[in-house]
Amino acid sequence: MRFTKVQGLGNDFVLVNGFEQELDLDRFPELAVKICDRHFGVGADGLVPLLPSRTADVNMRIYNSDGSEAEMCGNVIRCAAKYLFEHDLVKKKKIRVETLAGIRIPELIIENGQVTLVRVDMGEPRLERVDIPMLGAPGRVVDEELEIDGTAYRITAVSMGNPHCIIFVPDVEAVSPSRLGPRFETHPAFPRKTNVEFVQVLNRSEVNMKVWERGAGITMACGTGACATGVASALNGYTGRLVTVHLSTGALLIEWAGDNHVYMTGPAEEVFSGVYPF
């Protein structure tokens with residue numbers, strides 16, 4: 001199976017071109033665990049086949065490193081868009097991508113013939129509790145108390161097609177995502193589990209974020225998490241609707257625009273290609 005390794009701010013993936021080779025998707029959950037292993041496989045946060053679509057330019061599936069399937073990922077969609085354009089599979093600056101979260105539209109920013117950044121229309125955030133999904137009374141989950149191991153935390157929940165739980169903290173460097181992340185991810189309040197973002201507000205237009213991803217654990221970056229963080233920061237009055245989200249390896253520009261869509265702009269990079277026994 002031919003593949004290409006890509007990364008967006010260190011959030012790395014194995015892309016597989018399903019336009020030019022036949023793929024057995026029934027094997028992909030098990031294959032994701034093997035190929036994402038950083039010691040015995042290629043090493044990645046996820047395995048992502050790109051397939052023909054009847055409703056869009058491409059159908060993108062996302063298998064986490066534990067074999068589970070994610071609805072959407074902001075970092076890999078930027079990488080996929082750049083790959084599709086540069087490998088002459090979809091020669092458009094705006095590419096319609098079918099995902100389990102719906103159609104998403106990345107726009108390529110090209111300078112001197114090179115893709116330098118990708119701006120993605122991530123769609124509208126879902127804020128009602130039932131849409132996260134999260135158990136409890138109807139309404140939005142903004143600065144709400146959630147108890148973990150006897151300690152009360154204030155959380156805000158946002159869905160970007162996948163669930164996110166955002167916790168604002170005074171110092172993100174003092175937080176241990178590896179300890180707290182799994183406790184939030186598997187909390188009974190989240191029937192489909194959740195991604196977890198720990199966020200420190202720097203000023204009205206900047207925040208720092210660390211992430212624990214559902215099905216992948218600690219990753220260097222999370223695009224949908226950055227989008228959810230931008231929305232949560234505005235909902236709580238900490239920032240405006242245009243915010244730079246700083247991650248350990250760089251930053252994403254997040255805009256919750258007047259049309260209620262969230263736009264994410266950031267880099268994408270192809271690392272190497274190879275062949276994996278399939």
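**Aromatic pairs, ring-charge contacts and cavities**

Both Y153 and F184 are buried (under 20% relative accessible area, with exposed over 50% and partly exposed in between, for a 1.4 Å probe and protein chains only). The model is predicted, so local features need pLDDT of at least 70 and side-chain atom pairs count only at pLDDT 80 or more, while totals for chains, interfaces and linings use all residues. Residues are numbered from 1 along each chain as its sequence is written, and side-chain values use heavy atoms, with hydrogens and water left out.

The rings of Y153 and F184 have centres 5.3 Å apart and planes at 75 degrees, so this pair is edge-to-face. Rings of Phe, Tyr and Trp (its six-membered ring) pair if their centres lie within 6.5 Å; planes under 30 degrees apart count as stacked, over 60 as edge-to-face and the rest as tilted. Y153 lies in strand β11 (residues 151-159) and F184 in helix α3 (residues 177-185), so the pair ties together parts that are 31 residues apart in sequence. Helices (H or I, at least four residues) and strands (E, at least two) are DSSP runs, numbered from the N terminus. Ring pairs also bring in F198, which forms a cluster with Y153 and F184.

The structure holds five aromatic pairs. In one of them, the rings of F28 and Y63, the centres are 5.7 Å apart and the planes stand at 50 degrees, so the pair is tilted. F28 belongs to helix α1 (residues 28-36) and Y63 to strand β5 (residues 62-64), so parts that are 35 residues apart in sequence are tied together. F28 and Y63 are both buried.

Charged side chains also sit over rings, where NZ of Lys or CZ of Arg is within 6 Å of the ring centre and within 35 degrees of the ring normal. K91 lies over the face of F85, at 3.8 Å from the ring centre. The charged end of R241 is over the ring of W256, 3.9 Å from its centre.

Two cavities of 30 Å³ or more were counted. On a 1 Å grid over the protein atoms alone, a cavity is a set of points where a 1.4 Å probe fits but cannot get out, and lining residues have an atom within 4 Å of a point. Grid points are joined across faces, edges and corners, and a volume is the space filled by probe spheres set on the points. The largest cavity holds about 130 Å³ of space. Its lining has 17 residues, and N64, A70, M72, C73 and E213 lie nearest the centre. Strands β2 (11-17) and β5 are the elements that give two or more residues to this lining. The lining of the largest cavity has seven nonpolar (Ala, Val, Leu, Ile, Met, Phe, Trp, Tyr, Cys and Pro), three charged (Asp, Glu, Lys and Arg) and seven polar residues (the others, Gly among them).

The second largest cavity has a volume of about 40 Å³. Residues V6, C79, K82, Y83, E86, A268, E269 and E270 line this second cavity. Elements α2 (74-86) and β19 (269-275) each supply at least two lining residues, and α2 gives the most, with four. By class, this lining has four nonpolar, no polar and four charged residues.

Note on methods:
On a 1 Å grid over the protein atoms alone, a cavity is a set of points where a 1.4 Å probe fits but cannot get out, and a pocket is an open set with protein on both sides within 12 Å along at least five of seven lines; lining residues have an atom within 4 Å of a point.
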